[in-house]
Amino acid sequence: MRGLAEPPNRPHGRPVSAILATADEPFRNRVLERLLAAGYDDLEVAELPAALADLLRESKQTLVIVGGTWPDPQAFLRVAVNAGALPLVLLESSALEAEGEALAMGARAALQSDIPASSLAAALAAVDAGLIVLEPSARALLLSANRDRFAPAPANSVAEPAPSRVEASSPVEPPAAAPTPRKGRPLTSREREILSLVASGTSNKGIARVLSVSANTVKFHLAAVFDKLNAATRAEAVAEAIRRGELSL
Amino acid sequence: MAANSLLKQYSDERAALVQHAMPKAAAIIVGRRRALSGIRWRDDLIITAAEAIGGAEHVAVTLDSGELEANVIATDLTTDIAILRVAGASAGSGASAAAGKSATVSAGADNNATAGSAPANTSLAVPRLLRVGDTIVVVGRTLRGPTAIWGTVQLAGPAWNSRRGGKIDQRLELDVGFDPSFEGAAVIDPDGNIVAMAVPGPYDRVLGIPAATIETVVAKVDQYGHLPRPYLGIRLQPLWLDDETRSKLGRKARAIAAVGGVDAGSPAEQAHMELGDLLLTLDGHPAESVNDMACRIASATPGQTIALEVLRGGRPLTINVQIGERPRH
């Protein structure tokens, strides 16, 4: 009920969750802030490699974000790779060598830690879908004569494709630039319809049944609604939509 | 160390109170990992925090007695109360055992004969309003077992309306070392009564949603089988008034709520409300703002008729509207 009186800090409703594994507190806080802004409320934090190993044993969660100043993230990265997780490395500096090393160790993404929240969210989604995400500058890694130097290490130390996940046929560039900001834009009639069902207390699956669409489609629409209304929870979205004259009383 | 030291007695009593509350403490798992606490309100019903439930339909519940599945049967975003029904339990079973009358809050009954002895029973009755300074314990559960934190009632105010339009019987702010696993946990008074549900509030405050408020929502669900949402079918937008217009209309508030749309087939349409109507009063009370209107309508009951005084074409007009129920399908 954080949102009952004031705008809350705890977002809701994104399908993808992740583990943030780092001992570096300022780094952790910066990334957490960004992830929360992008709607990731379902985050675990592991401060020690052993804690990460425990978390990965306990949960089915496979997205792991490691980072800080290279080579600090290496221990976390090794744990994540060994557990068959999908690690993303966020680097403090733009050293190409570090990116290459991270990828050689089995990272699914090697990105600068200051990328915008929306790009980070897109990268998480892409890695979750089985893709590999690189900085545009890392294209050199693939094309340059240095290719051998950064060739994948022997199979036993490299992430095998996580079972049951789609492996991309080739590395890709990060998804296209962040979508245009949606904050403040009016809701579509479909979004309004969905929000009205949220206001009546209907679950996502219930809304999917009423509208004959998939639950993922409902989540997708709700993500857009939350974004437009700058809301983090269902309660906040409903209240804000009423305030803006988008939702009827 | 004396075998019967005061410190040991103190510790024993505290632990005994938590032990008594433990059968009521539930762990709720939403989706893959989100874990929070809940209260076993009745044999068939579990109460938890609506915001943490999100759009889920089913959750896994762990109690002292083991694990079970529960269906989310109501999420009240206005009070942050979610009601879960244990899978397999039929609607209304255990209703006779509900706190019902005993959940009425009676102020002033501060004298307490049982103080000092271990509580006989963890009941849902609320014998008195909490006072500022009262000692409470929040009893929750994680997958690793039951959890308890002791604290103090930091603020005990009068009834209030949440910004979401919820009518909440008492403003309770708790000074406890809260973490997210306690969201939805039972707040227990020294008599062993469940007095509230603990939820995170703004500015890192911990709020208590009083048992009386929970019982009101539970009673509605018992009566209707679901939680009916009051609905008029008008969209409102604020218009800012200049001083001249304000004094002409005799209004204090700077804004006035204007009807920006009327839903087809809604109670408002049936009552011939129109686009552009300016809301002056609701049941004789000045309609201060869009938010104020939202709160008043949210706390009305479907079936109830309200009188709306509107300004249409510069003339005041009173419209009676029977509040309906927000469409669910």
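In chain B, Glu173 (B:E173) has B:L207 of β14(B) as its bridge partner. This is a predicted model, in which local features need pLDDT of at least 70 and side-chain atom pairs count only at pLDDT 80 or more, while totals for chains, interfaces and linings use all residues. Residues are numbered from 1 along each chain as its sequence is written, and chains are lettered from A and ligands numbered from 1 in the order in which they are written.

Start with the two strands. β11 (residues 171-175) and β14 (residues 206-210) of chain B pair in the antiparallel sense over three bridges. Strands pair if DSSP finds at least two bridges between them. Strands (E, at least two residues) and helices (H or I, at least four) are DSSP runs, numbered from the N terminus.

Now step back to the barrel. Six strands of chain B close it in the order β7-β8-β11-β14-β13-β12, with antiparallel pairing. From one strand to the next, the twist averages 40°. Helix α1 (residues 6-21) of chain B packs on the sheet and touches β7 (135-142), β8 (145-157) and β12 (185-188) of chain B. The direction of α1 makes about 50° with that of β7(B). Helix α3 (residues 211-224) of chain B lies across β13 (194-200) and β14, at about 55° to β14(B). Axes are lines fitted to C-alpha atoms, for helices over the stretch in contact; angles run from 0 to 180 degrees between N-to-C directions.

The largest nonpolar core has 111 residues. A:V238, B:M197 and B:A198 have the most contacts inside it. Such a core is a set of buried Ala, Val, Leu, Ile, Met, Phe, Trp, Tyr and Cys residues joined through C-beta atoms within 7 Å. Buried means that 20 or more other C-beta atoms lie within 10 Å of the residue's own, with C-beta atoms placed from the backbone. Beyond four places in sequence, the contacts of B:A198 include B:V138, B:L174, B:V187 and B:G208. A contact needs C-beta atoms, placed from the backbone, within 7 Å.

Then the interface. Here 34 residues of chain A are in contact with 44 residues of chain B. On the chain A side, α10(A) gives the largest share, six residues.

Finally, confidence. pLDDT is the predictor's confidence in each residue, from 0 to 100. Chain A has a mean pLDDT of 73, and 71% of its residues reach 70 or more. Over residues 145-179 of chain A, pLDDT stays under 50.

Notes. Two residues are in contact if their C-beta atoms, placed from the backbone, lie within 7 Å. A residue is buried if 20 or more other C-beta atoms lie within 10 Å of its own, exposed if 12 or fewer, and partly exposed in between; C-beta atoms are placed from the backbone.
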